[in-house]
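Subject: Structure handover and notes

Dear colleague,

I am passing on the structure below, followed by notes on what was found in it. Please read the notes with the model open beside them.

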Amino acid sequence: MSDENQELVRSLWTADILRDAIRTRNAVLKENVEGKVDCWRKFRLIENTDGEPIFGWAACADCYCCIVYKCKAGNGTVKLYGTKNMTDHMKTCVSASGRQSSIDVFVKRVPGKKFTNTERAAVKNAEIHLIVEAGLPFAVVENSGLRSFAQQMILIGSKYGNINVDDVLYGPKTVRDVVVDKMKECQDEIKRQVATSSKFHSVSFCSDMTTDDVNKNSYSDFTVFWVNNWQLKHALYKCEYFPEKHTAHNIQKFIDINLNELGLSLVDTPCTTDKGSNIVAATAAKTHIDVLVID
Ligand SMILES: [Zn+2]
């Protein structure tokens with residue numbers, strides 16, 4: 001390639017286009033073995049995919065920031081810009097300082113970091129604050145849900161930096177709506193599996209009432225059992241607030257609604273209950289009952 005063409009090609013690149021080319025592997029980084037200055041430990045020369053050098057450009061190996069360090073003058077002489085821009089970049093490189101991550105960091109977990117004493121103390125205080133403020137048991141810090149939540153926040157932070165929590169978290173109403181959507185998804189999946197099993201009359205259910213210790217609210221639950229691929233499966237199909245009186249009539253209504261929803265026979269689906277007289281009465285009229293005695 002002639003010098004003129006080289007100059008033409010060089011001028012086609014911009015720092016942004018070149019960085020994208022590196023990210024998409026349309027340009028590759030190559031160590032500058034002749035580079036004596038310190039910044040060449042972090043910066044790389046750039047080649048196109050045919051192995052031809054992209055003249056005058058260097059790229060940060062961490063964040064792919066591209067900098068021109070030399071160019072060709074009109075008369076063909078090479079003009080060096082020096083390495084000051086690269087040295088300056090080393091001090092401010094966002095990947096190295098952890099303020100923003102290169103694209104590789106998004107997929108790979110960064111190995112363990114050594115935190116300062118102040119940072120450790122801040123994390124401990126935040127954990128204590130969570131427990132006291134929300135009235136949670138100490139064991140919550142080992143809860144897999146909390147830990148995956150915290151990891152999700154770190155992942156978002158590693159991509160977008162120190163952003164405000166208000167820009168990330170959803171409010172209680174949205175979370176409630178999503179929970180309801182998820183619940184419907186699960187119920188549909190249970191319905192689908194139960195439907196296959198019910199053709200062979202291999203579905204049974206159990207139902208019970210619980211009252212929470214603090215508010216004394218009652219909840220009725222409905223668990224269904226079915227056979228899939230010769231394996232016994234079970235799932236809690238529904239657990240809902242039950243403000244009505246716990247009469248046999250009301251419980252029977254709850255059970256009939258669930259049997260209907262699952263497309264199961266109201267009279268021919270076996271049921272397992274405890275000895276609760278209301279539940280026994282609710283199911284005795286129609287269904288086969290296996291009484292499970294729990295003392
Ligand atoms: Zn960099």
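In which sense do β1 and β2 pair, and over how many bridges? The two strands pair in the antiparallel sense over four bridges, where pairing requires that DSSP finds at least two bridges between two strands.

Two points of convention come before the rest. This is a predicted model, in which local features need pLDDT of at least 70 and side-chain atom pairs count only at pLDDT 80 or more, while totals for chains, interfaces and linings use all residues. Residues are numbered from 1 along each chain as its sequence is written.

The protein chain has ten helices and eleven strands, these being DSSP runs numbered from the N terminus (helices H or I, at least four residues; strands E, at least two). Of its 295 residues, 18% count as buried, a residue being buried if 20 or more other C-beta atoms, placed from the backbone, lie within 10 Å of its own.

The pair β1 and β2 belongs to an open sheet of four strands in the order β1-β2-β3-β4, with antiparallel pairing. Its edge strands are β1 (27-30) and β4, each of which pairs on one side only, and the twist averages 45° from one strand to the next. Within the sheet, K30 stands opposite L45 in β2. Helix α2 packs on the sheet, touching β1, β2, β3 and β4, and its direction makes about 85° with that of β1; helix α3 (residues 84-92) also packs there, touching β2, β3 and β4, with its direction at about 155° to that of β4. Such angles run from 0 to 180 degrees between N-to-C directions, with axes fitted to C-alpha atoms, for helices over the stretch in contact, and two residues are in contact if their C-beta atoms, placed from the backbone, lie within 7 Å.

The largest nonpolar core has 20 residues, with L18, I22, I46, W57, A58, A59 and C66 having the most contacts inside it; a core here is a set of buried Ala, Val, Leu, Ile, Met, Phe, Trp, Tyr and Cys residues joined through C-beta atoms within 7 Å. At least two of its residues come from each of α2 (15-23), β2 (43-48), β3 (53-60) and β4 (66-68), and β3 supplies the largest share, six residues. Leaving aside neighbours within four places in sequence, L18 is in contact with W13, A27, I46, W57 and C66.

Finally, T269 lies in the loop between α9 (248-261) and β10 (271-273).

Best regards

Definitions and conventions
A residue is buried if 20 or more other C-beta atoms lie within 10 Å of its own, exposed if 12 or fewer, and partly exposed in between; C-beta atoms are placed from the backbone.
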